Amino acid sequence: MNFLNLSAGDAIYVPADAPHAYLSGNIVECMARSNNVLNTGFCPRADADSVELFTSAMTFSPHNAEEVRLGTSKTEKSINGKTTLYAPPMSEFNVLKTSLQDGENETIKAIAGPSVLFATSGSGKLLADGKTHDIKEGYIFFVGQGVEVSYEASSGLDVYQAYAE
């Protein structure tokens, strides 16, 4: 396992066969649907202590620390340029991060699949499907396919939106 120090906004892609752990800090973790996840910290004691199960799931292939770093890019889904894209090297999902200062706004074009969005800091308004909702740190919303979403920040607002197309 590699030891990495990440700063706010940094991202990594953890390959399917790679164990990982977070030692401190706050993270956003998004993972593909799977039936082969071993959450040794969150499962019954008998499973968490099964060395045979754990070792049978690992390939023990080395991964370079730099190959797991995931960059960001601009996204065509952003109307005002306040949103970046995290696109892992697999097809199951992407993640958008919108960062707004007080009084700023952003619109995310309709996405051709479902998404889940959540605020990690700040507060403001979420406009979707003709309705206005309060949004602030800890709020989570499901967004249906083909729905455009707009944000208006009253206090610095950070929103992540995981989606599949």
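In this predicted model, E165 and K77 are joined by a salt bridge, their closest N and O atoms lying 3.2 Å apart. The two partners come from separate parts of the chain: E165 sits in the segment after β8 (149-163), while K77 belongs to the loop between β1 (72-74) and β2 (83-86), so the contact ties together parts that are 88 residues apart in sequence. The partners also contrast in their surroundings. E165 is exposed, with a relative accessible area of 57%, whereas K77 has a relative accessibility of 8% and counts as buried because this value falls under 20%.

Like E165, which is exposed, E76 is exposed, at a relative accessible area of 55%.

Another pair to look for in the structure is K82 with E104, whose side chains meet in a salt bridge with an N to O distance of 3.0 Å. K82 is found in the loop between β1 and β2, and E104 in the loop between β3 (94-100) and β4 (105-108), so this pair ties together parts that are 22 residues apart in sequence. Both residues fall into the middle class of accessibility: K82 is partly exposed at 30%, and E104 is likewise partly exposed at 24%.

Note on methods. Residues are numbered from 1 along each chain as its sequence is written. This is a predicted model: local features need pLDDT of at least 70, side-chain atom pairs count only at pLDDT 80 or more; totals for chains, interfaces and linings use all residues. Side-chain values use heavy atoms; hydrogens and water are left out. Buried means under 20% relative accessible area, exposed over 50%, partly exposed in between (1.4 Å probe, protein chains only). A salt bridge is a side-chain nitrogen of Lys or Arg within 4 Å of a carboxyl oxygen of Asp or Glu. Helices (H or I, at least four residues) and strands (E, at least two) are DSSP runs, numbered from the N terminus.
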